[in-house]
Amino acid sequence: MAAPLETRSDCARCAALCCIAYPSQDMPGFAAAKEAGQPCPKLGGDARCTIYADRAEQGFAGCIRFECFGAGQHVVQTLFAGRDWREQPELLGPMVESFLAMRPVSDLAFLVERALATEPGAETTVRLEALDSELRAVASSRETLRDSARIAKAQAAIRRVYASIDPDKLRET
């Protein structure tokens, strides 16, 4: 069985993949122009943020609000076994591609975790645990992350579960 998916980002175990993957026009609160796949202009030579302490003041509040739900560290630590593009530049493209594929899976894993926190009934808990297991299986390799039909099926199942959860309970979690 695959290890549980982390649903909170841990930038120390990532490789600044979010700072590279997205184009600036897709990131509100991002004060620099960049294309998808290009490093943020504020990313230093060591692939660390050069304005981390005052990002909001410099127009990068979107970076503070961004949450990958653990996709970044999963790609680096699990799918690439701790290797990263900073030491092996040829990994940059495959890592960014994997990060973009992992993001929806991480989002869904977060939603499963949140639904479980509402302490649903036994039947719903079993469905959520099955979905959690399915998401772990999808996230287990770069090949399985390409299975968009499988991911869409999990997404539809999670939507059905959410439709059955009391919205007040969700607000409490």
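**Close-up 1. Helices α4 and α5 pack against each other.** In this predicted model, α4 (residues 92–117) and α5 (residues 122–138) pack at an angle of about 160°, and their axes are 10 Å apart. (Axes are lines fitted to C-alpha atoms, for helices over the stretch in contact, and angles run from 0 to 180 degrees between N-to-C directions; helices are DSSP runs of H or I with at least four residues, numbered from the N terminus.) That makes α4 roughly antiparallel to α5, a label for angles over 145 degrees, while those under 35 count as roughly parallel. Their crossing is left-handed, as the near helix is turned anticlockwise from the far one by less than a right angle. Who meets whom? On the α4 side, Val105, Leu108, Ala109, Val112, Ala115 and Leu116 touch Thr125, Leu128, Leu131, Asp132, Leu135 and Val138 of α5, where contact means heavy atoms within 4.5 Å. These residues split into ten nonpolar, one polar and one charged. (Ala, Val, Leu, Ile, Met, Phe, Trp, Tyr, Cys and Pro count as nonpolar, Asp, Glu, Lys and Arg as charged, and the others, Gly among them, as polar.)

**Close-up 2. Helix α4 also packs with α6.** Here α4 and α6 (residues 148–163) pack at about 25°, with axes 11 Å apart, and are therefore roughly parallel to each other. This crossing is left-handed too. From α4 come Val105, Leu108, Leu111, Val112, Arg114 and Ala115, and they meet Ile151, Gln155, Ile158 and Tyr162 in α6. The tally for this contact is eight nonpolar, one polar and one charged.

**Close-up 3. The largest pocket has a volume of about 590 Å³.** (On a 1 Å grid over the protein atoms alone, a pocket is an open set of points where a 1.4 Å probe fits, with protein on both sides within 12 Å along at least five of seven lines; lining residues have an atom within 4 Å of a point. The volume is the space filled by probe spheres set on the points, which are joined across faces, edges and corners.) Its lining takes 31 residues, with Cys11, Cys18, Cys19, Tyr52 and Arg55 nearest the centre. Elements giving two or more residues are α1 (18–21), α2 (61–65) and α3 (71–79). The lining is made up of 22 nonpolar, three polar and six charged residues.

**Close-up 4. The second largest pocket has a volume of about 190 Å³.** Of its 18 lining residues, Ala3, Pro4, Leu5, His74 and Thr78 are closest to the centre. α3 gives the most, with five residues.

**Notes.** Residues are numbered from 1 along each chain as its sequence is written, and side-chain values use heavy atoms, leaving out hydrogens and water. Local features need pLDDT of at least 70 and side-chain atom pairs count only at pLDDT 80 or more, but totals for chains, interfaces and linings use all residues.

Terms used: Parallel < 35°, antiparallel > 145°, perpendicular 65-115°, else oblique.
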